[in-house]
Amino acid sequence: MKKAFIIGIGGQDGSYLAELLFSKGYEVHGVVKKNLSEMSNRIKKHLISKGIYLTLHECNLNCFDELYDVLMVALFNDSLSICPIWSN
């Protein structure tokens, strides 16, 4: 299965892109800023209400190591990530 990794999934363009890619059969992963778990829950609820299932990763985008870990989890299912992951 093809995978999509969307940075900025919480914005209007990111959520529309998630919908489009999910409808085309992609496994969708999205990145949200750390400490925005309320926003993450709203994003997931909104997309799930439309039948779109995705995995959200919380990450500090200013930290290369965290972003790298999130990419490894999204692309290779590497379970050694230091970043929390919300999945459904």
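Here is a walk through this structure, from its overall layout down to a few single residues.

What you see is a predicted model, where local features need pLDDT of at least 70, side-chain atom pairs count only at pLDDT 80 or more, and totals for chains, interfaces and linings use all residues. Residues are numbered from 1 along each chain as its sequence is written, and side-chain values use heavy atoms, with hydrogens and water left out.

Let's start with the big picture. The protein chain has 3 helices and 4 strands; helices (H or I, at least four residues) and strands (E, at least two) are DSSP runs, numbered from the N terminus. Follow the sequence along and you get the pattern β-α-β-α-β-α-β. Of the 88 residues in the protein chain, 36% are buried. Here buried means under 20% relative accessible area, exposed means over 50%, and partly exposed is in between, with a 1.4 Å probe and protein chains only. As for contacts (heavy atoms within 4.5 Å), take those between residues at least 6 apart in sequence: 62% of them join residues at least 24 apart.

Now find strand E2, residues 27–33. In E2, 5 of the 7 residues are buried, so the strand is largely enclosed by the rest of the structure. Two strands count as paired if DSSP finds at least two bridges between them. E2 pairs with strand E1 (residues 3–7) in the parallel sense, over 5 bridges, and Ala4 has Val28 in E2 as its bridge partner. E2 also runs parallel to strand E3 (residues 54–59), joined to it by 6 bridges; there, Val31 stands opposite His57 in E3. Together, E1, helix H1 (residues 12–23) and E2 make a right-handed β-α-β unit. Right-handed means that, with the strands pointing away from the viewer, the path from the first strand over the helix to the second runs clockwise.

Next, the inside. In soluble globular proteins, nonpolar side chains tend to be buried together. A nonpolar core is a set of buried Ala, Val, Leu, Ile, Met, Phe, Trp, Tyr and Cys residues joined through side-chain atoms within 4.5 Å. The largest one here has 12 residues in all, among them Ala4, Leu21, Val28, Ile43 and Leu56. E1, H1, E2, H2 and E3 each supply at least two residues of this core. Ala4 touches Leu21, Tyr26, Glu27, Val28 and His29, not counting residues up to four places away in sequence.

Over in helix H3 (residues 64–76) you'll find Val70, which is buried at a relative accessible area of 0%. Val70 and Leu56 are 14 residues apart in sequence and 9.8 Å apart in space, C-alpha to C-alpha.

What about charged pairs? A salt bridge is a side-chain nitrogen of Lys or Arg within 4 Å of a carboxyl oxygen of Asp or Glu, and a search of the whole structure finds 1. Lys50 forms a salt bridge with Glu19, and the closest N and O atoms are 3.2 Å apart. Lys50 lies in the loop between helix H2 (37–49) and E3, while Glu19 lies in helix H1, so the pair ties together parts that are 31 residues apart in sequence. Lys50 counts as partly exposed, at 45% relative accessibility.

Finally, the cysteines. A disulfide is a pair of cysteine sulfur atoms within 2.5 Å, and the count comes to 0. Cys63 is in no disulfide, and its nearest cysteine sulfur, that of Cys59, is 7.0 Å away. Cys59 is buried with a relative accessible area of 1%, whereas Cys63 is partly exposed at 24%.
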